[in-house]
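Subject: Structure handover

Hello,

Here is the structure I said I would pass on.

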Amino acid sequence: MNDYILYKFVTFFFVEMSTTQNEKCKGKHFTWSKPMSHMLLEILAEEALKGNKPSSTFRAESFVKVATEISQKFNVQCESKHVNNHLKTVKKE
């Protein structure tokens, strides 16, 4: 009986959390400022020098590092997918 109650709570909790997060993210875009873009390029240049760019793309750890440092410095919620997408945009320019 206790396992069933725990299962229902966990299921409810995760469904509620995912719904809430989806509603929060709906219609919002991550906006890059010039200092953020500059920091992205600086960190990725350092990562390339360290050998974390074995081919035409960076390793996933490099994107996570950039996202973490930008999030901390600029007090925003930057994710590795934002870094990857912005790098593609910068390459096009």
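Predicted model: local features only at pLDDT ≥ 70, side-chain atom pairs only at ≥ 80, totals over all residues.

Residues are numbered from 1 along each chain as its sequence is written, and side-chain values use heavy atoms, with hydrogens and water left out.

Helix pair

Helix α2 spans residues 34-49 and helix α3 residues 60-74 (helices are DSSP runs of H or I, at least four residues, numbered from the N terminus). Their axes lie 10 Å apart at an angle of about 145° (axes are lines fitted to C-alpha atoms over the stretch in contact, and angles run from 0 to 180 degrees between N-to-C directions). The contact (heavy atoms within 4.5 Å) includes Met39, Ile43 and Glu47 of α2 and Lys65, Val66 and Ile70 of α3.

Salt bridges

The whole structure has three salt bridges (a side-chain nitrogen of Lys or Arg within 4 Å of a carboxyl oxygen of Asp or Glu). Glu47 pairs with Lys65 at 3.3 Å, N to O; this pair joins helix α2 to helix α3 across 18 residues. Glu47 also has a salt bridge with Lys50, with the closest N and O atoms 3.6 Å apart, and Glu47, Lys50 and Lys65 are linked in a network. Glu47 is buried at 4% relative accessible area, Lys65 is partly exposed at 26%, and Lys50 is exposed at 53% (buried is under 20%, exposed over 50%, partly exposed in between, with a 1.4 Å probe and protein chains only). Glu79 and Lys81 form a salt bridge at 3.7 Å.

Regards

Terms used
Helix = DSSP H or I, 4+ residues; strand = E, 2+ residues; numbered from the N terminus.
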